[in-house]
Structures are given as C-alpha cells and as structure tokens.
Amino acid sequence: MATVKGWSISASASQAISYILDLKNSEEKTTGGYLVYSSDARNGPPQLASTTWKVWREKRRKKTGKEAKVKAYHFVQSFEPGSVTPEEVFDISKEWADKITEGKYPYVLAVHTDKPHLHSHILVHPYQNGTGKGWDIFWKNDLQHFRQISDAVCREHGLGVLPQQSPKSRSYYEWMADFNDTQQSTVKKVIEYLAPRSGSYQSFKDILRKLDFSVEDGSLDNNSKDGDGDPSVFSFTANRVLLDKERTTDTTYYLRIPKSQTYVQIPAAAVRWHRNKQTMKVTLPMEADFPAYRYGKESRVSVADLSEHFDKQMAQKKRSGLRIKPPGAQRYLKTKYMETTNGQPLDLDSVKLMTSQGRLSPQMKKLLTTDSLKAIHEMRTEIYRQAGINTIPMNQPWKKRDAWLNYVGQRAENTWQRLEWERHMRTQMRSLPFLRDNRCQIAEEIRKLNQTIEDIQTCIGEMEIQMIESDSDNPEHIERYKKENLMPLEDARDKLIKELGPLDKEIRELERYEKYQENRKEEKAR
C-alpha cells in the first residue's frame, strides 16, 4: 500500500531538486543517482531541470508582468516496508505522476532508498512550457483525488490500499460536545429533568424563566424584561413608519394605531428603540389614558383599548410550537426537532403531557417562591448537576464580571492601538507631498525607458531582417547587441516598477488617513 502527501513550494525550486536528488551528499539517498527521471527530455538530465524552469518563469514574468508565487509542487509517495522493490516504486510513481499531470507539466522523479519504507519524491513545475498556463491545485479536494489515482495504480500492480476514510470533518458543535453540553443538549436535559417535577405546564414555564431561560409557545404571555408579564403595564412593538413626523418631538411621539387614522400622543420616555431605530418597544401603565386625534378632532384613548388591538396583532405574529432559549444564547431552539434519550418527542403537546403526569417537587416549589438571586443561582447549579449538564450558566455574576472586564480591556487596547496609529500617521503625513512627487518622477522615468526599449526593439527587428536577406546563419551579433543594450534597460525598468508597489501602498495609506480626518471633522461639525 502507498500513502500520498503534497504541498506547494514558493521559495526555490532548485533547492528542492537538489534535495530530492541528494546532490549535497553525493546522491547517497538515491543510491548514486539510481532511478531518477526527468519527464521532459529537452531539459537534459534532472540536475538541469531547475535552470530550464527558471528560464520559463522569467519569460512568463516578462509576458504577464507577474511574478510566479508557486515555484513547484512537491509530492511524496511512500510504500509499506518490504512490500515493493526500488524498481517497482519507480514504475508506480512514474505512472502515477503521468496521470496526475496528464502529460502537460514537466516533473522530476527520484526514488529514495535510505529508509526502511521506500518512497519517491516528485517535483512538478506548475506552468506549461510554451503556453505558460498555470496548474492551480486546491489541496483540500485535489489531494483526495490524487490519492484515489494512486490507489488505482497500486491495485494494477497487485498492491493493497488503505481503507477510505470519510473526508467529512467534525462540526463545531460535535467538537464542543467533548467538553461541554451544546445549547440543544442543555435544553433537552433541562426539559427531561423539569417536566416530571413541575406539576403543570404553567409552572414548568415559570421555573424555566426563574432559571433565566426564555420560553415562547405562541401564547400571549410575553417573555421580555421590559415589564411584560406584569399586569400593571402593557408592552407592544410598532414600526417607525407609524409615527407622525410633523408632530413628533423629542419628548412626545404621535403614534398611529395600525388599520386606523387615530394618532395617540405618548411620552418619549415610554419608548425604547431597536434595530437601528426602525422598531420601537412601548411600555405603558394599564390604568392610564393618553390624548389622541383623528382628522383634527381630539379625544382620549385608554391603554386597555390599545391592548385589545395590539394583542390581536401580536397573536397573528406569534409562531406556534415550543421554543426555548438557554441563558446566554442568541436564538430560540425549536423543541419539536428534539427527542429524549428514550426517543420520546419533545414537542409542545408531549411536554404538556409530561408536565400533567408529574407532581410539583419540593425543590421546584422552593424555586418558585424565592426571590433571592443567590438562592436561585445555587439551585440552578444543583439542577444542572442532577440533570447531568456539563456547562456553566452564562449569566452567573462572576461570569458577567469577567466578560465585562474582558470587554473593557479589549476596548482600552483598541483605543490605544488607534491613537498609536493616528500619532504615526500624523508624523508620516509630512512626507506625503514628497512621496507623490517621487512617484511622478519614477513613472516618468519608466515611460522614457519604455520608449527607449521600443526603439531598440525596432532596431533589432531591422537587424534580423538584414540577416535574413543576407542569408546569414550567425545571429551572435544580434544576441550581443541585445545583451549590451536591451537587457540592462529592461532590468532597470523592472527595478523601478518594483519600487512603485511599496510607494503606492504608502501613499494609499496616507490618503486613507487624510480621508479619515476629513470624516471626523464633518462629524464634529454636525
């Protein structure tokens, strides 16, 4: 059987070829250069492949103006000790390399015999000769495909293969389950523990809310902490479009009742904004009434009248089914997709049935009657322990304290970094005019070099025509002319182009800071 691994080389292909051929150690690993191979005979022996590859990359750079990031791809195919001979390793690796490259990309192969497990190194040039088309490898998917080809070649040569492993990795929730219960498993265990001990469905919900869980089941009893559940107040939500913008002030809002032309005057202190001030949460005393007007006629509307209307609106928007949000979670979890350890469903009807068949335990009765936060936290910790939940409630006082300290520390660190960046940029802004002038000078010099290079290339074209007309077979004077006149100018141009990259980056950074300062001035002016 054979194993396969591979990676990209971005440093030096010549060093990699020297390593796989073991040139520094007189080819000891390859048994004196035995069983080494170069797929492109035009390159000469494998030792010269790196020189040819470098010439190809240089031609591609001049043609496209881009430097090759990947110099080569390195593959290693290893075999089980004693299962194959060096000659068989050579034949299998050569056949495998021909298949994965499809004959388009040259490669160098060397079989190493210095270890008990024979293995071959294959170095592939990532660009085709002539076309310069690159070979883009996406290792996460392509390496699995290369291994399948290697297994097929090994089977043809009578070798066994390793069993296929599933490429699917573990999810974040599966990984977290090794350390703590996930939010879903926490909800499942809490329901299993509390439902038989609650006595009724309403007590079950009250116990969950005592433990800082949020519960929704489509009924009109709300779960927010803005006074909902308190019979002395009424809370509802409304969209910003219901406001009368002409009459609304900083202290008084004129809110239209949906599906009517009646506007109610409510104090701004009773409103809390959400979703970037697009939705308002209004909390009003149940016994109060407020001024209202309809077509210019004034009247008064009681909160009881508002509650009748908005209760109907909210009932239409309520979703059915039991949904529970654990402490510290960001979203509700639907219990209809959950099951107990015995396979019993945990939908709304099943939970109601479980609560009706049980009795209210002394522990749950004590929890419902106490208002001490310390006692509630202690009982919750005990409930988590008895239910087998391996997690820490996110809203414990010390947890909140640590989260706040981490937030304050991170905010201070971000502020310090921003001020340090501003001080650095203020110092660098003095050099912005000089950098811009320097950039213009370099661009002008590159333009002049391009013009001179075009003139020289025109001259070389005329020399080549004269050589063809004179039937001469000696182009040495043309090559010498190129070497003495054209190549130095091209090298100088390339150096200037390389200087432009860091210079442009620095100028863009300073211009970004300049725009940042202008925006801050506009904000202060507003």
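Thr279, in strand E11 (residues 279–285), is in contact with Thr237, Ala238, Arg272, Trp273 and His274, leaving aside its neighbours within four places in sequence. Contact here means heavy atoms within 4.5 Å, and strands (E, at least two residues), like helices (H or I, at least four), are DSSP runs numbered from the N terminus. At 15% relative accessibility, Thr279 counts as buried; the term buried stands for under 20% relative accessible area, exposed for over 50%, and partly exposed for values in between (1.4 Å probe, protein chains only). The model is predicted, so to speak of local features requires pLDDT of at least 70 and side-chain atom pairs count only at pLDDT 80 or more, while totals for chains, interfaces and linings use all residues. Residues are numbered from 1 along each chain as its sequence is written, and side-chain values use heavy atoms, with hydrogens and water left out.

Next comes the chain as a whole. The secondary structure of the protein chain comes to 14 helices and 15 strands. Of its 526 residues, 36% are buried. Among the contacts with a separation of 6 or more, 65% are accounted for by residues 24 or more positions apart.

In helix H1 (residues 13–21), the buried residues include Ala13, Ala16, Ile17, Ser18, Ile20 and Leu21. The cover over the buried residues of H1 includes strand E1 (2–9), E2, helix H2 (49–64), E3, E4 and strand E5 (119–124). Asp22 follows H1 and has a positive phi, near 55°.

Positive phi values also turn up in two loops. Glu102 has a positive phi of about 60° although it is not a glycine, and is found in the loop between H3 and strand E4 (107–112). With 56% relative accessibility, Glu102 counts as exposed. Lys259 likewise has a positive phi of about 60° without being a glycine; its place is in the loop between strand E8 (252–256) and strand E9 (263–267). Lys259 is exposed, with a relative accessible area of 72%.

A pair of aromatic rings is described by the distance of the centres and the angle of the planes. Rings of Phe, Tyr and Trp (its six-membered ring) pair if their centres lie within 6.5 Å, and planes under 30 degrees apart count as stacked, over 60 as edge-to-face and the rest as tilted. By this rule the count comes to 10 aromatic pairs. In one of them, the rings of Tyr37 and Phe90 have their centres 6.2 Å apart and their planes at 90°, so the pair is edge-to-face. Because Tyr37 lies in strand E2 (residues 36–38) and Phe90 in helix H3 (residues 86–101), the pair ties together parts that are 53 residues apart in sequence. Tyr37 is partly exposed, with a relative accessible area of 23%, whereas Phe90, at 14%, counts as buried. The rings of Phe75 and Trp96 also make an edge-to-face pair, because their centres are 5.8 Å apart and their planes at 90°. With Phe75 in strand E3 (residues 72–79) and Trp96 in helix H3, this pair ties together parts that are 21 residues apart in sequence. Both Phe75 and Trp96 are buried. Tyr37 and Phe90 belong with Tyr107 to one aromatic cluster.

Charged groups meet rings as well. A charge sits over a ring if NZ of Lys or CZ of Arg is within 6 Å of the ring centre and within 35 degrees of the ring normal. The charged end of Arg197 sits over the ring of Tyr193, 4.0 Å from its centre. Lys352 lies over the face of Tyr201, at 5.3 Å from the ring centre.

Finally, there is helix packing. Leu194 lies in helix H6 (residues 183–198) and is buried, with a relative accessible area of 0%. Leaving aside its neighbours within four places in sequence, Leu194 is in contact with Phe204, Ile207, Leu208, Leu211, Met364 and Ile383. The axes of helix H7 (residues 201–210) and helix H10 (residues 362–369) come within 10 Å and cross at roughly 65°; axes are lines fitted to C-alpha atoms, for helices over the stretch in contact, and angles run from 0 to 180 degrees between N-to-C directions. The contact is made by Ser203, Asp206, Ile207 and Lys210 of H7 and Met364, Leu367 and Leu368 of H10.
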